[in-house]
Amino acid sequence: MSILARVAQWFADPAHWTGTDGIPTRLVQHIQLSAESVLIGAVIALPVGIALGHYGRFGNLAINISNVGRAVPSFALLVLAFQIFGLGDAPIIISLTALAIPPMVTNSYVAMQEVDPDVKDAARGMGYRELAQVMWVELPLAVPLLMAGIRTSAVQVVATATLAALIAGGGFGRYIIDGLDQQDYTKLFAGAVLVALLALATELGLAAAERLLVPRGIRLLRAPSARRVTYKAA
Amino acid sequence: MPGHLFLDYVDPWINWDWLSTHVPVFLAALQEHVTLTLIAVGVGLLISLPMGVVAHRWRALRNPVLTLFGIFYTIPSIALFALLIPYTGLGTLTAEIGLVGYAVLILTRNVVVGLEAVPNDVLDAANGMGYRPLARLVRVELPLALPAIFAGIRIATVTTIGLVTITAVIGLGGLGQLILQGLVENFHTPLVVATLLSIVLALVADLALAGSQRIALPWSRSA
């Protein structure tokens, strides 16, 4: 029987849809680890990137944090966090958060930096205070690229959360790592399909959310995805 | 016998005695790491240059190709390796298919963006001087696209160096193998040293590429 037929059979087996090693449980674990990390990362990264971009300061730092982030292997980050913090969700969430921060800082910096200076002048002339200007003028214009940064981070976190199985974490990575250990290529392949689908769903789902969030007038202006910072961690 | 096997022994982050006797292990891992990276970026470049040119020349292809590549790029490397294993087994071929693939996705995009950035006036001038399409491409468009292509090579190289560590899971890994050893044996030294070496390798490669770009493409210095 071909591998694809065996994988189809694996998915059809009701036993794989219940219990602690069932697909629903693993899906919830994977999403929970990823969502918590991206949220904590966003709370740290977005204010920093937005502030740096608004004031136009420390541009090199904001851009280079992505380059440094690329140089740090996500796999090593997970293992190091495991050695420091031991078993549990803490090392996974800490390393995934560290991974989520750089693309969000860089993209939100670039997003704010690229707001047309004439628009800022006009806002000033209309009497906007600084905070109001950021909230009601600059941020709406920055949303497309800002969201692209969140999307990039989220996809990378979902991908790297797979590796959490190496340090005894849950999620879909369990099927891949256990499949490799047990030389069970059916489980391995099924796990890979699930991980790939979840990463794609994250990308497409956030792209749809972005479309809803971006004001209609700005949607027509430009295609921000072309300037999205290329980032691949895992 | 490494000291970390004894229970009353506190494992330091770097055990210098152990390290000093295991330098060849690190050099071999470093060499494997560099080899895997060079093949991935080299082959990736050979594939993506013509691909980028084609996607640029036939405009109808541009958006579908870049969108499709963007979708492939979201597939986690560990998932891609796992999908390939039943067909190509554990080893170099599986690793390189994945690594070359991701390098192609990065590089093709930069080739297209670089070619698009060539000003129309320059193309008009080249046409006026009698350049044929192929000569114009090779002698006018590609040289002007090189800064963007170089930026792509830098990103692809640094990204690949990071991704190589993940191939430890499928039995390769270069420095990743030592990171995995540190995890499995609960021994800090290989983990910490291999992580540092991997970061240094990525930063050195990035700086070296930036330096060679300055020397090879003096016209891109201001960019």
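Here is a short exchange about salt bridges and a helix end in a predicted model.

Modeller: In this predicted model, local features need pLDDT of at least 70, side-chain atom pairs count only at pLDDT 80 or more, and totals for chains, interfaces and linings use all residues. Residues are numbered from 1 along each chain as its sequence is written, chains are lettered from A and ligands numbered from 1 in the order in which they are written, and side-chain values use heavy atoms, without hydrogens and water.

Colleague: How many salt bridges does a search of the whole structure find?

Modeller: Side chains of opposite charge can pair when their charged atoms come close. A salt bridge here is a side-chain nitrogen of Lys or Arg within 4 Å of a carboxyl oxygen of Asp or Glu. Over all chains, the search finds eight.

Colleague: About how much of a helix separates D178(A) and R174(A)?

Modeller: These two form a salt bridge, with the closest N and O atoms 3.0 Å apart. Both sit in helix α8 (residues 173-181) of chain A, four residues apart. Helices (H or I, at least four residues) are DSSP runs, numbered from the N terminus. The separation is therefore about one helical turn.

Colleague: Is D178(A) buried or exposed?

Modeller: Buried means under 20% relative accessible area, exposed over 50%, partly exposed in between (1.4 Å probe, protein chains only). D178(A) has 16% relative accessibility, so D178(A) counts as buried.

Colleague: How many residues apart are R57(B) and E141(B)?

Modeller: R57(B) forms a salt bridge with E141(B), and the closest N and O atoms are 3.3 Å apart. The pair links distant parts of the chain: R57(B) is in helix α2 (residues 23-57) of chain B, E141(B) in helix α7 (residues 133-166) of chain B, and they are apart by 84 residues.

Colleague: Which helix of chain B holds D206(B)?

Modeller: D206(B) pairs with R154(B) in a salt bridge, the closest N and O atoms being 2.9 Å apart. R154(B) lies in helix α7 of chain B, so the pair ties together parts that are 52 residues apart in sequence. The helix of D206(B) is α9 (residues 188-216).

Colleague: Which residue caps the N-terminal end of helix α6 of chain A?

Modeller: Helix α6 of chain A covers residues 117-125. Just after α6(A), G127(A) takes a positive phi of about 95 degrees. At the N-terminal end, a side-chain oxygen lies 3.0 Å from the backbone nitrogen of D118(A), and that oxygen belongs to D116(A).

How values were computed. Helix = DSSP H or I, 4+ residues; strand = E, 2+ residues; numbered from the N terminus. Polar contact = N/O pair within 3.5 Å; in protein donor to acceptor, adjacent residues only side chain to side chain.
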